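Please examine the sequence and the structure shown below.

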Amino acid sequence: MSDAAPQASGSVPLIRLRNIVKVYGEGGLAFKALKGFDLDIEQGDFVAIMGPSGSGKSTAMNTLGCLDRPTSGEYLFKGVHVEDLDRDERARLRRRYFGFVFQGFHLLPRTTAQENVELPLLYRGETNAARREAAAKALEAVGLKGWEHHTPAELSGGQQQRVAIARAIVSNPVVLLADEPTGNLDTQRSEEIMELLWKLNSEQGITVLMVTHEPEMAAYARRIVRFKDGLLDSDTRNEPFMLRRAARSAPVQPQEGH
Ligand SMILES: Nc1ncnc2c1ncn2[C@@H]1O[C@H](COP(=O)(O)OP(=O)(O)OP(=O)(O)O)[C@@H](O)[C@H]1O
Ligand SMILES: [Mg+2]
């Protein structure tokens with residue numbers, strides 16, 4: 001898909017899913033993990049995806065991130081039918097528009113933070129100098145300036161997840177997908193990661209789709225979608241925690257007319 005990809009009208013959402021079904025396995029062993037759900041996601045949204053274990057959250061995320069193709073149903077990204085793309089086309093779309101963060105960080109061991117973050121740009125064929133500069137900028141954006149030459153083993157869990165987020169944003173994605181990004185972190189580290197995701201969403205306009213089991217982490221989102229048994233159970237707007245907190249701590253305005 002080129003940069004001039006059809007963006008037909010203002011009414012086309014960034015992502016439109018229609019009647020998405022995912023079946024794993026075949027015949028008697030076939031299992032329907034997603035049973036036909038619809039979902040629209042606008043650019044700039046911050047969606048927390050919740051629901052019981054096995055309800056289809058990760059399967060839905062893999063579909064959303066173009067990692068996997070639905071068994072049936074429509075997926076439109078910027079108005080383009082993803083389900084019609086072949087493997088290579090989907091990979092190109094992913095590299096161009098998506099960033100991924102996982103619960104287990106998935107960093108290369110014995111490889112510095114800087115090199116880990118440069119990786120997506122290497123796949124894109126960018127020059128040494130361009131890679132170095134973009135990775136340094138991404139690491140600074142996640143608060144890791146000065147840690148560029150440390151390997152994962154020399155970093156805390158929270159820092160490793162920051163490196164993973166830097167790697168996800170180094171290619172300027174439109175959408176950041178995070179599957180339980182705070183699942184391996186303690187409360188304080190989790191809050192720091194959520195503040196970082198909020199900053200990327202509210203300041204850089206990156207659309208964030210995040211799976212979480214924790215209501216405290218979902219509270220950072222603008223919208224909360226719940227899965228149950230392979231279907232959407234609820235979809236509600238949420239006043240993001242960071243906005244509520246800012247409103248609470250805002251100075252009281254001096255009264256006029258006295
Ligand atoms: N590759 C696969 N092959 C067969 N079945 C699968 C596969 N991946 C997932 N499933 C099944 O599909 C269902 C949904 O799985 P999924 O991983 O999407 O759940 P989840 O909501 O992310 O759960 P959790 O909260 O535990 O991560 C589960 O019953 C799971 O066993
Ligand atoms: Mg999961």
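Which residues touch the most other members of the largest nonpolar core? In this core of 63 residues, they are Ile49, Ala166 and Leu176. The model is a predicted one, in which local features need pLDDT of at least 70 and side-chain atom pairs count only at pLDDT 80 or more, while totals for chains, interfaces and linings use all residues. Residues are numbered from 1 along each chain as its sequence is written, and chains are lettered from A and ligands numbered from 1 in the order in which they are written.

**Nonpolar core**

- A nonpolar core is a set of buried Ala, Val, Leu, Ile, Met, Phe, Trp, Tyr and Cys residues joined through C-beta atoms within 7 Å.
- Helix H5 (residues 157–169) contributes the largest share of this core, six residues; helices (H or I, at least four residues) and strands (E, at least two) are DSSP runs, numbered from the N terminus.
- Leaving aside residues up to four places away in sequence, Leu176 touches Gly99, Val101, Ala168, Ile169, Leu200, Ile206 and Val208 (contact: C-beta atoms, placed from the backbone, within 7 Å).

- An open sheet is formed by four strands in the order E2-E1-E4-E5, with antiparallel pairing (two strands pair if DSSP finds at least two bridges between them).
- Strand E2 (31–41) and strand E5 (80–81) are at the edges with a single partner strand each, so one side of each is left without a neighbour in the sheet.
- Two bridges join E5 to strand E4 (residues 72–77) in the antiparallel sense, and Leu76 stands opposite His81 in E5.
- Helix H1 (residues 57–64) lies across strand E1 (15–24), E2 and E4, and runs at about 125° to E1 (axes are lines fitted to C-alpha atoms, for helices over the stretch in contact, with angles from 0 to 180 degrees between N-to-C directions).

**Shell around ligand 1**

- The residues surrounding ligand 1 include Tyr24, Phe31, Lys57 and Thr59 (C-beta atom, placed from the backbone, within 6 Å).
- H1 supplies the largest share of this shell, three residues.

**Positive phi angles**

- Most residues other than glycine have a negative phi.
- Cys66, not a glycine, has a positive phi of about 60° and is found in the loop between H1 and E4.
- Cys66 is buried, with 23 other C-beta atoms within 10 Å (buried: 20 or more such atoms; exposed: 12 or fewer; partly exposed: in between; C-beta atoms are placed from the backbone).
- Asn172, also not a glycine, has a positive phi of about 50° and lies in the loop between H5 and strand E7 (175–179).
- Asn172 counts as exposed, with 12 C-beta neighbours inside 10 Å.

How values were computed:
Two residues are in contact if their C-beta atoms, placed from the backbone, lie within 7 Å.
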